[in-house]
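Please keep the sequence and the model at hand while reading.

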Amino acid sequence: MPRRGLILHTRTHWLLLGLALLCSLVLFMYLLECAPQTDGNASLPGVVGENYGKEYYQALLQEQEEHYQTRATSLKRQIAQLKQELQEMSEKMRSLQERRNVGANGIGYQSNKEQAPSDLLEFLHSQIDKAEVSIGAKLPSEYGVIPFESFTLMKVFQLEMGLTRHPEEKPVRKDKRDELVEVIEAGLEVINNPDEDDEQEDEEGPLGEKLIFNENDFVEGYYRTERDKGTQYELFFKKADLTEYRHVTLFRPFGPLMKVKSEMIDITRSIINIIVPLAERTEAFVQFMQNFRDVCIHQDKKIHLTVVYFGKEGLSKVKSILESVTSESNFHNYTLVSLNEEFNRGRGLNVGARAWDKGEVLMFFCDVDIYFSAEFLNSCRLNAEPGKKVFYPVVFSLYNPAIVYANQEVPPPVEQQLVHKKDSGFWRDFGFGMTCQYRSDFLTIGGFDMEVKGWGGEDVHLYRKYLHGDLIVIRTPVPGLFHLWHEKRCADELTPEQYRMCIQSKAMNEASHSHLGMLVFREEIETHLHKQAYRTNSEAVG
């Protein structure tokens, strides 16, 4: 017995010594990281011979200071965690020592303190099990969905704006920035130090060294909070010279962050079938194909296009446009389906989905007035999974350029209008038409409801079907998806509910609250300007 106690005491001594050395090493790294640069020969940034103002260097210094403050905060947090772990380890060793002493006296006793950590861990895991993280929850309607907000290293794309917040938050508020920095660091820790149960393999760099991910490899992330359970984070990382993405799911159950899973996602072979229902609107189709040529043919190169055309008028023009793209870009991965009947969006998408005869495929239901980027197509692949997840991105809808750019003679090109500003557009959180889902899930759930006629309503019915099922619905604003403005016409044949929805969409699609206010009070503003001009002239004459 004394020999065993001596061994335990020796192990305890070496363990505490090792933890102390580790803390010293982290402190040394922290001092090196925060030490100022002393290279007196380094030149100021910028082009040689070019004059920069004082404001430029002040902004540069502020940016560097924020970077070092963020890094210092991160190191302080790591040091605090190590100190906490050291304290917990000391308490555990003290507890073991007490138990050994008690056991030597022949008394068996188990304290309530040692039960508490396991009970707490069990509670935290129960919060994850109750949240909609690993399996979809059955929801009564679209109003029960808790949407995600998306973020990058520098921006947060927030869905709930009200009259004061902006669709794109930059710079991010400090408390939110600290939270997301911590989450990204936790995701990097999971990737760089995987557990045995993680669905990823250790990779090696070009020189055979272990592949290490850093914050620059972070691509995009999503987060949402269920108020009675906690916050869920979906993080995606990718190195520029690799094809696979690293996906990490984290959960904060109103306590410490906990890893849910870590996996590798290879999207290099994932083809997207973009299905576009169309009737007339050939000019809009020309613009759509320009975007399609730039993004899908020249950049992505893993796209199939299915156009379902209703009616005869304009059909020959659409065929000519597709043949022109084929001859110019040697692109043949498209299908044109002609239906000689009245336009019905749900009918067109159903037909387009069934026109594919090559097995499973990821589908993107798209309209002709949608502009998307190559990054969005990757987001589409990353957030849809057959039998598990469907992706419902929130589109950023642009306002009428004639109102937004009224102070310019001609509105700028479309590419220059694609900005996330409060007066340029809004997140179309009431629209569910743009969606990424696998063909098997779409067919299993029964597709669109063919009883819905005319404009609107069919996409909401499909959305509700998924909410009533077991699939996870990912609903989040995405920066690479825009709805281009076009004039809306609400037909008299619509039902009262459809007509109300159409008018509501038309009103929200025209201009921002402030611009609409200026239009409503235009006469009052002009009257005020006339009074001011008359008063000025009177004073000049007097």
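**Overall fold and interior**

The secondary structure of the protein chain comes to 15 helices and 16 strands; helices (H or I, at least four residues) and strands (E, at least two) are DSSP runs, numbered from the N terminus. This is a predicted model, in which local features need pLDDT of at least 70 and side-chain atom pairs count only at pLDDT 80 or more, while totals for chains, interfaces and linings use all residues. Residues are numbered from 1 along each chain as its sequence is written, and side-chain values use heavy atoms, with hydrogens and water left out.

Of the 542 residues in the protein chain, 42% are buried, that is, under 20% relative accessible area (1.4 Å probe, protein chains only). Contacts are heavy atoms within 4.5 Å; among those between residues at least 6 apart in sequence, 73% join residues at least 24 apart.

In soluble globular proteins, nonpolar side chains tend to be buried together. A nonpolar core is here a set of buried Ala, Val, Leu, Ile, Met, Phe, Trp, Tyr and Cys residues joined through side-chain atoms within 4.5 Å. The largest such core has 49 residues, and those with the most contacts inside it include Ile-274, Phe-285, Phe-288 and Phe-372. Helix α5 (residues 282–300) gives the most to this core, with eight residues. At least three residues of this core come from each of domain 1 (140–200 + 209–264) and domain 2 (270–515), the bounds being taken from an automatic or database domain assignment. Not counting residues up to four places away in sequence, Phe-372 touches, among others, Phe-288, Phe-292, Val-295 and Leu-481. A second, separate core of 21 residues includes Trp-356, Tyr-463, Leu-467 and Val-473.

Helix α7 (residues 345–355) is largely enclosed by the rest of the structure, because eight of its 11 residues are buried. Among them are Arg-345, Asn-350 and Val-351. The buried residues of α7 pack against elements including β8 (272–278), β9 (303–310) and α12 (458–468).

Where do the residues lining the largest cavity come from? Domain 1 and domain 2 both give residues to this lining, so the cavity lies between them. A cavity is a set of points, on a 1 Å grid over the protein atoms alone, where a 1.4 Å probe fits but cannot get out, and lining residues have an atom within 4 Å of a point. The largest cavity is lined by 13 residues, of which Val-133, Gln-232, Glu-234, Lys-389 and Ile-472 lie nearest its centre. Strand β5 (230–237) is one of the elements that each supply at least two residues of this lining, and β5 gives the most, with three residues.

Methods. Buried < 20%, exposed > 50% of the residue type's maximum accessible area, 1.4 Å probe, protein only. 1 Å grid on protein atoms, 1.4 Å probe; cavity = no way out; pocket = protein on both sides within 12 Å on 5 of 7 lines; lining within 4 Å.
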